[in-house]
Amino acid sequence: MAITAGSRPDGTRPPAAVEEPTAAVAAAEEKVRPPRGTSKPGRVPRRIRLRRDRALILMVLPVITLLLVFNYVPLLGNVIAFQEYDPYVSSNGITAIFNSPWVGLEQFSRTLDDPLFWSATKNTLVLFVLQLVLFFPVPIALALVINSVIRPRVRAVAQAIMYLPHFFSWVLVITVFQQIFGGAGIIAQTLEANGWSGFDLMTDADLFKYLVTAQAVWKDAGWGIVVFLAALSSVSTDLYEAAAMDGAGRWRRMWHVTLPALRPVIALLLVLRVGDALSVGFEQFLLQRHAVGAGASEVLDTYVWNMGIQNGDFSYAAAVGLAKGLIGLALVLGANKFAHLLGEQGVYKK
């Protein structure tokens, strides 16, 4: 058998050697590769983006500054929760932090033996559950009702009327309720004028939790309507037309098209509401504290204010506030994990 050139004795050819890149190929690759310090192809350099968006950055800077000054810098003051803070040790409050003695977890252990703390916690949890059951579904139902209205002008007027109380302060909201449901309000005066005995709902401690829930519904339900209507606006009309062609009526379309479109928003707001479970309100309860008494109106926010500002027990109030924040963080993480198990995104993705 003849052996050709470049073949082995068994007739097979050896594997071809990998040729080294020539100087021309290397130069071409170096020309294609972007120089160091520059952005990738297709991305706008940071310098150009800063110049392009400088107006937006200047608009956001005041908000970022306020957020840092009033939300993040005060977090450093939580260190007094582990001290016996005395603001009179020094003429400067910040210097007094360094001169106050450390007590470890003593302030946190005080909460376990304080019956007022447990009473405020009980009121907070009861109000949270009540508002979750009675308040949370209201914006969803109202959004569905407004979305079913055909005339755009009627929808716009109804949405504006329901959203208007969101801009009212709690002082104005409580004043309106006082003029309607108070002892000298419209309803009580009308009943007395017709021979019936009047009533004063604003001073009834047993009905106070329902009163504050009604106030929250009237004030903040409009904001929830805007959020849900924004989610409904992204639903394609083709889905409704396809469901109608398949014989689905109005209720069927609402159940199988509208509500599934609202599920991500409902899950997100529910996670945020659960995380805010221990913050049911401050100004609303503080303004009505003297009318119904501390036993019915004392929540954790007002309890921290009373202990820290009125009684001057800053370390204990800081410990209660810090524990409240940590529990709220744990509730957000747990609720978000539960949303992931249900197939929703929640606050953040997995």
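Against which helices do the buried residues of H7 pack? In this predicted model, the buried residues of H7 pack against helix H8 (152-163), helix H11 (208-232) and helix H13 (250-275). The report begins with the chain as a whole and then returns to these helices.

## Overall architecture

The protein chain contains 18 helices and 0 strands. Of its 350 residues, 29% are buried. When contacts between residues at least 6 apart in sequence are considered, 61% of them join residues at least 24 apart.

Helix H7 spans residues 137-147, and its buried residues are Pro139, Ile140, Ala143, Leu144 and Ile146. These residues lie on the same side of H7 because they cover an arc of only 165° around the axis. The partners of these buried residues are H8, H11 and H13.

Val149 lies in the loop between H7 and H8. Its relative accessibility is 29%, so Val149 counts as partly exposed, the class that lies between the 20% limit for buried and the 50% limit for exposed. Leaving out residues up to four places away in sequence, Val149 touches Val154 and Arg155.

## Packing of H8 against H11

Two packed helices are described by the angle between their axes and the distance between the axes. For H8 and H11, the axes come within 7 Å and cross at roughly 140°. That angle makes H8 oblique to H11, since the antiparallel class requires an angle over 145 degrees. The crossing in which H8 passes H11 is left-handed.

On the H8 side, the contact is made by Gln159, Met162 and Tyr163. On the H11 side, Gly222, Trp223, Ile225, Val226 and Leu229 take part. By class, the residues of the contact of H8 with H11 comprise 6 nonpolar, 2 polar and no charged.

## Packing of H11 against H13

The axes of H11 and H13 are 9 Å apart, and the two helices pack at an angle of about 135°. H11 and H13 are therefore oblique to each other. H11 passes H13 in a right-handed crossing, whereas the crossing of H8 past H11 is left-handed.

H11 contributes Trp223, Val227, Phe228, Ala231 and Leu232 to the contact, and H13 contributes Thr258, Leu262, Val265, Ile266 and Leu269. The contact of H11 with H13 has 9 nonpolar, 1 polar and no charged residues. Trp223 of H11 is listed in the contact with H13 and also in the contact with H8.

## Packing of H12 against H13

Helix H12 covers residues 237-245 and packs with H13 at an angle of about 145°, with the axes 10 Å apart. The crossing of H12 past H13 is right-handed.

In this contact, Leu239, Tyr240, Ala243 and Ala244 of H12 meet Arg253, Val257 and Thr258 of H13. The residues divide into 5 nonpolar, 1 polar and 1 charged. Thr258 of H13 takes part in the contact with H12 and in the contact with H11.

## Pro101 in the loop between H4 and H5

Pro101 is located in the loop between helix H4 (93-99) and helix H5 (106-112). With a relative accessibility of 46%, Pro101 counts as partly exposed, because the exposed class begins over 50%.

Not counting residues up to four places away in sequence, Pro101 touches Gln83 and Glu84. Pro101 and Phe82 are 19 residues apart in sequence, and their C-alpha atoms are 8.8 Å apart in space.

## Asn336 in helix H18

Asn336 belongs to helix H18, which runs over residues 314-341. Its relative accessible area is 0%, so Asn336 is buried, the limit for that class being under 20%.

Beyond its neighbours within four places in sequence, Asn336 is in contact with Val271, Gln345, Gly346, Val347 and Tyr348. Where Asn336 is buried at 0% relative accessible area, Val149 is partly exposed at 29% and Pro101 is partly exposed at 46%.

Terms used. Residues are numbered from 1 along each chain as its sequence is written. This is a predicted model: local features need pLDDT of at least 70, side-chain atom pairs count only at pLDDT 80 or more; totals for chains, interfaces and linings use all residues. Side-chain values use heavy atoms; hydrogens and water are left out. Buried means under 20% relative accessible area, exposed over 50%, partly exposed in between (1.4 Å probe, protein chains only). Helices (H or I, at least four residues) and strands (E, at least two) are DSSP runs, numbered from the N terminus. The arc is that of the directions from the helix axis to the C-beta atoms. Contact means heavy atoms within 4.5 Å. Axes are lines fitted to C-alpha atoms, for helices over the stretch in contact, and angles run from 0 to 180 degrees between N-to-C directions. Angles under 35 degrees count as roughly parallel, over 145 as roughly antiparallel, 65 to 115 as roughly perpendicular and the rest as oblique. A crossing is left-handed if the near helix is turned anticlockwise from the far one by less than a right angle, and right-handed if clockwise. Ala, Val, Leu, Ile, Met, Phe, Trp, Tyr, Cys and Pro count as nonpolar, Asp, Glu, Lys and Arg as charged, and the others, Gly among them, as polar.
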